Amino acid sequence: MGLVLNDILTPFLSVSYCSSKEKPTLGGTRIKPRKRNITAPLDPAAFADAVVQIYLDNAGDLELIAKSIESSDLNFSRYGDTFFEVIFTGGRTQPGTIKPDEGDRHSYSVIDCEATREAILPSVLYIQKILRRRPFLIKNLENVMRRFLQCLELFEDNERKKLAIFTALTFSQKLSGLPPETVFQPLLKDNLVAKGLVLSFITDFFKEYLKDSNIDDLIALLKKGKMEDNILEFFPTAKRNAEGFSEHFTKEGLSSLVEYNQKKIFDVKLKEMKSALKTQIEEETDISEVIEAMKLQVRDSNMPDIEVVRLLWDVLMDAVQWSGKNQQQNANAALRQVKTWAELLNAFCTSGKLELELIYKVQVQCYEDAKLMKIFPEIIRSLYDQDVLAEDTILLWFRKGSNPKGRQTFVKSLEPFVKWLEEAEEEE
């Protein structure tokens, strides 16, 4: 009975087992086709024509144009460079140049307007409005500005001035995200600099920028553009010196820039002189050699006598080996320094005015440096003993000194010495 039952069930079990397997097909394995990214061909000409038409339809009204641009379905992400070409020149330009390409054009561009702030500012504000809605376009603005600045020689003089005014306004109006190096670095092409085109452009730029901003803002901008220390690179080689700088920008009415540059040159020379003097003091160079070297440096740098006196005192005190909180040791160290280098001070304190300036310098340092506060009268007495300060100068400071820093305290502390001077004067 068991054998017969197995014979009966075996075919059904085989069918059930086989039915769980995938049935073979005659066509073999079907491979799904891979989807390909189909890129639409670039058509900047059609894009440019569409933007130009928006300008024409709105008769150059930038408020209406901005609204039309906003509501359009134009592909700005692909044709951002072309968009700014249309804004600047009125139409599309040929690759790598500023020459007009085929296609429609409009007459409301930056290049077509008057070379005035009033005419160009609306375009800057219009671009700012566009960039707020489409911030990715800032890169395209960079690209187009860089290309145009590298092609300055292809513009007419009046067109270069318009471009300079536009560029200055983009920064004074704080156009979102435009890095200064985009402007300054492309200008440093040797052929453009040699022809004087860069100097003319940057002068117009400075003039326009300083209408809204001060000299500190301009220097900060130059610093961001890595040009703060390299303004002379905008000058042709023959004029690339301090005299050429001052002469050019003074003539152009940019006196604040001239003053800044003169101060910068002065600070550099001052630093060099301080460093040289400090080295001579540390090496205990013969005083006569130090005096001669200082006189030569002063003559070459054309440094005012008052600045020389201030410099000498700063360097002498900086070279003192101070002794922490030990007041007596600090006093001894300062007085020893004065005595050692009194001849140097005497060589440059050649008038009552300069002697008075030295007293003011000592007064301010003693007021600002706690360890010197109590030794002011001792320093003045030492300078008197070494013939650096005259009696009349000390009495003038005591009676009519104008610097208020710590004056009451120092006058009181100097009273015994002044009284002694007055008594000595009466005896004579």
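Analyst: The protein chain of this predicted model contains 21 helices and zero strands. Of its 428 residues, 45% count as buried. Where contacts link residues at least 6 apart in sequence, 68% of them join residues at least 24 apart.

The crossing of the two helices is right-handed. On the H13 side, the residues that take part are Phe266, Leu270, Met273, Lys274, Leu277, Lys278 and Ile281. They meet Glu307, Leu311, Leu312, Asp314, Val315 and Leu316 of H15. By class, this contact comprises nine nonpolar and four charged residues, with no polar ones.

The cysteines come next. The structure holds zero disulfides; in general, such a link is a covalent bond between the sulfur atoms of two cysteines. Cys151 has a relative accessible area of 11% and is therefore buried, because the limit for that class is under 20%. Cys349 is buried as well, with a relative accessible area of 4%.

Ala347 belongs to helix H17, which covers residues 342-348. Its relative accessibility is 24%, so Ala347 counts as partly exposed. Between the C-alpha atoms of Ala347 and Glu292 the separation is 9.8 Å, although these residues are 55 apart along the chain.

Most residues other than glycine have a negative phi. Ala59, in the loop between helix H2 (44-57) and helix H3 (62-71), has a positive phi near 55 degrees. Asp387 also has a positive phi, near 65 degrees, and is located in the loop between helix H19 (376-385) and helix H20 (391-400). With a relative accessibility of 58%, Asp387 counts as exposed, because that value is over 50%.

Note on methods: Residues numbered from 1 in each chain as written. Predicted model: local features only at pLDDT ≥ 70, side-chain atom pairs only at ≥ 80, totals over all residues. Heavy atoms only, no water. Helix = DSSP H or I, 4+ residues; strand = E, 2+ residues; numbered from the N terminus. Buried < 20%, exposed > 50% of the residue type's maximum accessible area, 1.4 Å probe, protein only. Disulfide = S-S within 2.5 Å. Left-handed = near helix turned anticlockwise from the far one by under 90°. Contact = heavy atoms within 4.5 Å. Nonpolar A, V, L, I, M, F, W, Y, C, P; charged D, E, K, R; others polar.
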